[in-house]
Amino acid sequence: MKKYREFIGKYYESIHGACLCTGLLLLADSFWVLHWPALLLSAGAVLFSLLLHYAVQKDIVIPAGCILLILHVILLIFFFMTGRDLYTILPYIQMEAACIGGSVLCLFAVRHLFLTFPILLAEITCLFYYGAVGVPLSKWNICLIFFCCLLFLAEAAGKKRGIGKQEVFFLSPLFLACLILICLLPVKSTPIRWETVRKAAGAVQEKANALLVNLDYLFSGASNIYALSETGYGSEGVLGGSLIRSDKPQISVTGTMTKSPLYLAGTIYDTYDGTSWKPEEPTGQERGKEYQEQYRTINEALSVSGLTDTEIRSLTHVCSIEIKFEGLKTQSLFHAPNTWKFQLPSSLKPEAHGGNLLLPKPKGVGFVYGLQYVELNYKSENFQKLLAVRGDFDRDNTRRSRIFEDCTLLPEDLPPRVYELADEITRDCETPYEELEAIRTYLLGYSYSTTTEVLEEGRDFADCFLFDTKSGYCTSFATAMAVLGRCRGIPTRYVEGFATDQTCSVEDTEIHLGGSSAHAWAEAYLEPVGWIPFDSTPGYSANTASPWEDETSKDSSLPAPAGPENSSPHMETEDNGNTASVRDTETEEPFYKSFLLILLKLLPLLLLLTAACILAGAVLLFRKFMQRRAYAAMDSYGKMLFLMDKLFLLGRLSGIPFEDGETLLQYEEKAAGTLDVPGTALTEIFRMFREIRYGGRESGPETILYLNNYIHALEIQYLQGCSRTKRLLYRLK
């Protein structure tokens with residue numbers, strides 16, 4: 001037993017530090033999914049804790065560090081000379097560095113009880129956070145953390161009663177046995193859901209995200225309408241420049257599974273000046289309901305097409321989706337082609353600016369609305385039949401004239417070779433649709449690149465892309481598609497928004513669309529169906545150029561035209577926890593945004609830590625209040641004993657503890673002079689205490705006041721001579 005006691009006394013701190021370090025490392029491994037072997041990690045923490053403890057005891061920390069560094073250099077030289085791959089040992093070096101850093105931190109912490117508390121508090125907070133967000137964690141890791149908590153509580157209680165660490169550590173086998181027994185108990189097959197914590201964390205994260213979006217909107221100087229520049233594209237309205245897109249979700253979409261990729265138009269541009277696109281400004285009432293006019297055009301063409309009901313059902317598909325703003329603030333109302341109905345709050349009346357729909361004021365994170373639209377199978381034979389329909393339609397001729405006038409304009413200084421190229425591409429085409437398909441196919445031969453040069457002054461962007469660079473991203477391909485179509489006299493326009501094909505494979509699943517889904521494409525006006533999207537960007541075009549796999553739609557009929565002004569206000573939201581991935585792209589993000597996103601991800605953890613600190617502060621304040629209340633209820637003799645206990649506490653903190661078996665006279669002789677204060681000597685206090693306790697003298701209010709003033713002066717004397725940390729710990733006690 002004596003040898004065991006000596007061993008515990010010698011290595012208690014290193015063993016306790018190793019347990020604390022192992023808990024930290026296993027938590028980090030689970031959070032960042034490092035796949036470090038738990039057994040190897042634990043062995044490394046114990047080994048380096050023991051070695052560090054030995055080095056500190058022998059005062060050889062620096063020589064030991066140099067030896068360790070030399071061994072690593074020799075190992076690297078050996079790998080280099082033998083031609084071995086250094087990446088094979090890189091995970092072990094990372095693990096070793098983590099073990100060394102954790103061992104230094106934890107070994108230093110266990111030597112000072114007040115430093116162990118924040119580490120344990122952080123570990124317990126991580127446990128609650130992991131449970132809330134669903135981070136997998138071994139139950140043995142939880143057992144180890146609670147083992148360290150029990151050691152800390154026992155050590156804190158023992159320190160208060162003057163019990164050493166070695167005696168406290170004798171309880172460790174009991175603690176460990178109890179925790180192992182708890183871990184071996186049967187549990188439910190389903191884990192705790194922590195729904196309240198999840199909802200609270202989600203609400204806090206959404207509010208924090210809304211704050212970041214509002215601040216970005218306020219200081220970025222962005223316009224009220226949506227632009228690709230909000231997701232990392234070039235400057236708003238200006239074509240060209242490198243692409244740095246962000247994967248941060250901008251909007252989410254939930255709804256019907258579609259048969260074609262979903263295109264959500266945010267802003268539609270009609271005017272091209274050679275270097276940029278500008279949105280159309282309304283000048284008459286005929287532009288007030290552009291999206292309804294487009295749907296009415298489709299409906300009218302189908303009604304006179306002569307197609308059977310079966311053919312119409314194979315050509316059309318009615319979809320219903322819900323859109324939620326997650327990372328942007330804009331007035332733009334995103335909508336799909338052939339949208340016929342919006343589900344908006346009754347207080348919102350969107351305004352039409354040409355083909356664009358704008359809300360009365362910008363909306364940010366949390367704004368939700370629904371829409372219904374009609375998909376068309378553009379690659380089916382029935383659609384070709386629909387394009388061939390001719391006849392007298394009850395159309396708005398003013399609208400049609402405006403489209404053919406405004407959406408065929410090109411800059412006067414557009415190089416002639418652009419017109420010549422358009423003629424060459426469409427030489428063998430017979431219809432405008434065939435011409436557009438030929439242009440789209442031609443552009444597929446160009447390369448996709450997120451890095452492009454800034455347009456030279458005086459150059460036309462489409463001309464530079466078509467004949468010089470021959471590489472670019474979606475804005476380049478969409479501009480070229482629209483310009484070449486206009487060269488052939490076909491009305492076209494440029495559209496910016498979001499595009500995804502994930503809606504083709506999931507039903508009622510929330511899909512998050514960010515910078516990787518932000519996109520630009522062209523639309524062309526073809527009689528008698530109106531506006532048709534044409535996407536010539538490689539990767540996107542392949543999805544839109546394929547016919548539906550199943551051309552038998554379950555929709556029996558098309559809905560009647562309706563708009564925001566006559567549709568009933570309706571708002572439904574759901575969150576089933578499922579998410580679908582979007583197209584992967586190699587993107588980079590500005591540093592400050594990445595830093596803000598990391599802070600946002602860690603916000604629930606920080607809030608839990610803050611709440612824990614507030615709770616601890618409240619407990620300390622309540623404890624102090626109860627102590628004062630108990631002191632006020634004491635009689636004079638009880639108050640005297642309380643103040644004498646405080647005197648012995650200050651003596652122990654000053655390095656003069658009251659030892660077991662020591663008499664008051666012996667302690668008085670030992671502490672005389674050290675615990676004196678100006679105007680009062682310790683011998684006077686002890687003489688007064690002996691007279692009251694043993695001589696029968698009464699302790700009146702004057703005596704308590706005299707003793708209280710002495711204790712107050714002794715406190716001031718101690719606090720002035722100690723460090724800030726000890727001062728804080730004394731205040732907490």
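Lys639 lies over the face of Tyr631, 5.4 Å from the ring centre. Arg493 sits likewise over Trp531, at 3.9 Å from the ring centre. The criterion is NZ of Lys or CZ of Arg within 6 Å of the ring centre and within 35 degrees of the ring normal.

This is a predicted model: local features need pLDDT of at least 70, side-chain atom pairs count only at pLDDT 80 or more, and totals for chains, interfaces and linings use all residues. Residues are numbered from 1 along each chain as its sequence is written, and side-chain values use heavy atoms, without hydrogens and water.

A search of the whole structure finds 28 aromatic pairs. Rings of Phe, Tyr and Trp (its six-membered ring) pair with centres within 6.5 Å; planes under 30 degrees apart are stacked, over 60 edge-to-face, the rest tilted. Two tilted pairs follow.

| Pair | Centre distance | Plane angle |
|---|---|---|
| Phe334 and Phe498 | 5.5 Å | 55° |
| Tyr433 and Phe534 | 5.9 Å | 55° |

Phe334, in the loop between β5 (330–332) and β6 (339–343), is 164 residues from Phe498 in strand β12 (residues 492–500). Tyr433 in helix α15 (residues 432–443) and Phe534 in strand β15 (residues 530–534) are 101 residues apart. Helices (H or I, at least four residues) and strands (E, at least two) are DSSP runs, numbered from the N terminus.

Phe334 is buried, at 0% relative accessibility. Phe498 is buried too, at 0%. Buried means under 20% relative accessible area, exposed over 50%, partly exposed in between (1.4 Å probe, protein chains only). Tyr433 is buried at 9%, and Phe534 at 3%. By contrast, Phe80 in helix α3 (residues 61–81) is exposed at 66%.
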